[in-house]
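Subject: Structure handover

Hi,

Here is the structure I promised to pass on. Please have a look at it first, and my notes come after.

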Amino acid sequence: MNNENFYQFSTLTVLALLVFFYGGTYLLTLLIKEKKENTDAFMVSNHQIGFGLGAASMTATWIWAASFYAAATSGYTYGISGPLHYGLWGALMILFIYPFGRRFRELAPNAHTLGELIHARHGASSQLILASSNILGSIISLMVNFTASGALVSVLSPLSFQAGVVIAGVGVLSYTLWSGFRASVLTDFAQLMAMMAIAILIIPAVMFALGGPATLSDGMSLLTPEQANLFSMDAILNQGAPFFVAVLAYAIGNQTISQRLFAVREDHIKPTFITATIGYGAIVIGLGMIGLMALMTGMEPINGDMNNLIPQMVSMYLSPVFIGLFFILVIGSLSSTADSDLSAMSAIVMADVYGKNIAKNKPDPTKMLFIGRLTMIVATLIGVILASFSMDILIMLVFVGALWGAIVFPVIASCFWNRVTNTAFTSAVLAGLVMFCIARFELVPMAGLMAGLFELLASVGGGVVLGLMAFGFCGRRVGLIVGALSALVLAYFCVGFLRDYTVLLASLMAYGVSTIVCIGVSLMSSSKFDFAQIDQDVINYDPVKPATQV
Amino acid sequence: MQTFILALYVLIWPLISLAVLGVIGLATLNDIRAARRDKRELV
């Protein structure tokens, strides 16, 4: 890294910024700290989070440090439409899950994790597939966020990469450890307010520092025809579509999202998710515009590393005050996601592992809290170690994404269709994962009949994605029609074409295969599930202490 | 015309962010008032 190309804070300044951020956040959590925390509140705030805090927390959690860098990279690579193909689809996925979220809440109003609902519906094996994928996903997310902190600190100050990693780990753990999810939600609000205010200032500041709108207009000549096209097929096929399919899986499978779904007051779910959709889209697309502006000014990222784009632009064109604000922006985004990951993992180990499978629905609340906090400490340690040694485990994220892609249809079908069985759920997920791997790593030659078959299965996957979206908002009949028509249209266009876009092909295969297997195996059984059983099995663990203060 | 559209395309996002900031801020104030009125914890 050529640090001389970036503005350099002194060690004292950067430490002061970090102490200000993490110290302030910790002091904020003292406002809600209780000597003996309630177990249910520790996991989901007693299901009573209001609209404002819920929307802030959803938005802050969905935005992680990589969001800015990836949106800017997309803007720099694909031009005008690039930031939209990162931010818009990510935002729409928040919107997409709320109709299903309402169904989850209706079935299991006392749930803490989606795994508990699936445990009540199918049993331990399906639940543990969800739980293990979430733990792996959250560990990777922690590692990525701590790595972002290390990279930022080492680029903008004389401090080492490892120092940045450790400070972020200790800082996040310190304010999340005692009150868990309650602390995460409260600090998410403050962090989001800061992030939004900074984004509102930085985006126009960069534009006017470059020379204003006229410079952008002149810069259009530097764009290729594809980059200048708002409807670039290159951007859609390489960035928009794969990301759209991936984030759908993340939205349904990820506990950080479902935890907020179970925490927000039931009548506030819709406005919360709509506001988070707009907020996420605006911030991420807006910061992606910095990448587009970099392209329009002909800037080259240092060492060819796209992650340098935003720090480079900020360092080159803005004053030290703005660079300090940018520093807080990135630290805020990575911390809000990291504390959500810690809360998610603790809830999974508390409820899915201990509550359901060890204590058999009769847990000791004190022991449960201890397990939750211990989980946070261990997870932070693992995240810090993986980040410090720069271990390359991002390949695991591919598998987690595939697993969540294969989970989407079985989870949703299990909540609406009483014929889905545990065997159908498990076999569908495993089949989806296996076929994903075959396509993603090209374990068979992608040519001839085999490639055509894969493209047909991927077309079914595309139909499933669009059909589920239509089903969520317009009901079963419209969902079925949209799904079937989309699959047919996609099959017409995809056969002979999609084999060149391996990531998209494999992701859609996971959806298509898991859906076909889930439906097929379910139809082979005549058993019918009574959905009323779920509410009886999914309970609050610590009902002794009332939620209200006297 | 192109200059105006490009400027709008870049600046519309911070404007939307500002609006969302206002909505979330006001809603949170309402959350705080409601929690005080009902004598319960905010989170």
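Below is what I found, starting with some housekeeping.

This is a predicted model, so bear in mind that local features need pLDDT of at least 70 and side-chain atom pairs count only at pLDDT 80 or more, while totals for chains, interfaces and linings use all residues. Residues are numbered from 1 along each chain as its sequence is written, and chains are lettered from A, with ligands numbered from 1, in the order in which they are written.

**Chain A and its domains**

Chain A splits into domain 1 (9-231 + 261-391) and domain 2 (393-529); the bounds come from an automatic or database domain assignment. Taken over C-alpha atoms, the centres of domain 1 and domain 2 of chain A are 28 Å apart. Where they meet, 21 residues of domain 1 of chain A are in contact with 20 residues of domain 2 of chain A (contact is C-beta atoms, placed from the backbone, within 7 Å).

On the domain 1 side, the elements giving two or more residues are helices H5 (82-107), H6 (114-122) and H7 (124-156) of chain A. Helices here are DSSP runs of H or I with at least four residues, and strands are runs of E with at least two, numbered from the N terminus. H7(A) gives the most, with nine residues. By class, that side of domain 1 has 13 nonpolar, six polar and two charged residues (nonpolar: Ala, Val, Leu, Ile, Met, Phe, Trp, Tyr, Cys and Pro; charged: Asp, Glu, Lys and Arg; polar: the others, Gly among them).

**A helix pair in chain A**

The axes of H1 (residues 11-30) and H8 (residues 161-176) of chain A come within 8 Å and cross at roughly 15°. That makes H1(A) roughly parallel to H8(A) (the label covers angles under 35 degrees). Leu18(A), Tyr22(A), Thr25(A), Tyr26(A) and Thr29(A) in H1(A) meet Ile167(A), Gly171(A), Ser174(A) and Tyr175(A) in H8(A). The residues of this contact are five nonpolar, four polar and no charged.

**Chain B**

Chain B has one helix and zero strands, and its C-alpha trace spans about 55 × 15 × 5 Å along its principal axes. Of its 43 residues, 30% count as buried (20 or more other C-beta atoms within 10 Å of the residue's own, with C-beta atoms placed from the backbone). How many residues of chain B are in contact with chain A? There are 26, in contact with 37 residues of chain A. The chain B side divides into 15 nonpolar, six polar and five charged residues.

Cheers

Key: Two residues are in contact if their C-beta atoms, placed from the backbone, lie within 7 Å. Axes are lines fitted to C-alpha atoms, for helices over the stretch in contact, and angles run from 0 to 180 degrees between N-to-C directions. Angles under 35 degrees count as roughly parallel, over 145 as roughly antiparallel, 65 to 115 as roughly perpendicular and the rest as oblique. A residue is buried if 20 or more other C-beta atoms lie within 10 Å of its own, exposed if 12 or fewer, and partly exposed in between; C-beta atoms are placed from the backbone.
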